[in-house]
Amino acid sequence: FADRMFYWEASANHGRSQASFHGTSLLQQHFINALNVTRSADGALQCNASAGNAIYASATQNRVPGSFAIVDPGCVPLDIFGEGRPSEAARRYVTARTSSQSLLEQSVFNANVSSTLLETWGGPLQYNLGYEHRRESALFAPDPVLQATPQRTRSVSITPTRGQFSTDEFFGEVLVPLINPDSELVLLKKLDLTGKYRQVDNTVNGKFDTYTYGLQWKPISDLEVRGNFTRSLRAPAITELFTPTASIFTSVADSCDTRNVSGGAKPETRRANCAAFYDYYNLDPSTFTSNAVSATVQGTTGGNRHLLNESADSMTYGFTWAPSFLDGLTFAADYYKIEIDDTIVNLSQSDIVTGCFDNSDFNATDVPNANQFCSRIQRGPDGQITSIATGYVNGEFENFEGYSAELNYGFGTDQ
């Protein structure tokens, strides 16, 4: 068309991954029932017919379900004293076969066209324009036994997970040759400018612009120098966004426990903040022992539908040297610097307690909410941890830089 060659490509892909997970779980309430046995008149084991009566219940009323026996007409006594002694009926009563399902799907449509826009003094100005639509979905369906609330097994209830998002992306690339390689200019064998742009519209996180610009310079035939700057993004994954809030049980290395108060990356900051903690809860600094250090406490974990995109600025400089006097030898070296903002992290209990007390941003007049990390820890009037909220959040930033080098030498051999 118009004396120019056009190259186009269109593609559509759909991927689906489905998995089933089978297992055997111990039913806690049935297990306790089956162990609470008496002897019948003929000496046979039988489930305790008085389990759960008024006297027994009053002694166990503060315990969680599944920690004391109840009367169950279907109960089968379980004999655990000896190999092979549990009956088949008892094993079926205290266990359940579970089957959970997961499904991941991704659909991608892409269309792009490339050609030469015009001829410049350095050569043809080439471009590529395109559009891409992407849809991702996922679900996890635990077995009803595993979902049950309160839990029927020895693990916390597992909540079903489902989520999806789609993106519409428009992109363009351009290559601008600034020097004609046949011009034979001194120290200008090649000088190309590249530019790339992409706009991403995400149904969960909105629009975001990414781009790259760079320069490739070849002063002599043996040496090429390059550099570029890139603005990029990473959208939150489905699990980071849509994982339901679920209960967990975890120990917590409480920073103000007498065994931990002088530790951490900033011990002076920790001691100062813990002094405010002791004062707020009227505790003796020399004797405070946190129960959560050696025992588990209940907490929560889950996704976060308010997560922002990660954004990154990266710079790369490097060169490639292929000496003409030694055919087959290539040496390349590069420098990288990457700065990521709003980095997505899954806060652990350790991240939370250290972020609370090893932090110079600490409001000593409101210790329970001294900073955003402290607000994730719930405590009783005695200062003991009663709950902690872990999960996905956007952090501040993550920066790093590095160097890489590669040396290759290839040569032929006689047969």
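This is a predicted model: local features need pLDDT of at least 70, side-chain atom pairs count only at pLDDT 80 or more; totals for chains, interfaces and linings use all residues.
Residues are numbered from 1 along each chain as its sequence is written, and side-chain values use heavy atoms, with hydrogens and water left out.

The torsion about the S-S bond of Cys 47 and Cys 75 is about -75°, so this disulfide (a pair of cysteine sulfur atoms within 2.5 Å) is left-handed. Cys 47 sits in strand E3 and Cys 75 in the loop between helix H2 (54-60) and H3, so the bond ties together parts 28 residues apart in sequence; helices (H or I, at least four residues) and strands (E, at least two) are DSSP runs, numbered from the N terminus. Both cysteines are buried, where buried means under 20% relative accessible area, exposed over 50% and partly exposed in between (1.4 Å probe, protein chains only).

Cys 256 lies in the loop between E10 and H6, and Cys 274 in helix H6. The link of Cys 356 and Cys 374, by contrast, is right-handed, with 95° about the S-S bond.

The loop between strand E10 (246-250) and helix H6 (267-280) also holds Ala 253, which is partly exposed at 41% relative accessible area. Beyond its neighbours within four places in sequence, Ala 253 is in contact (heavy atoms within 4.5 Å) with Asn 260, Val 293, Gln 349 and Val 353.
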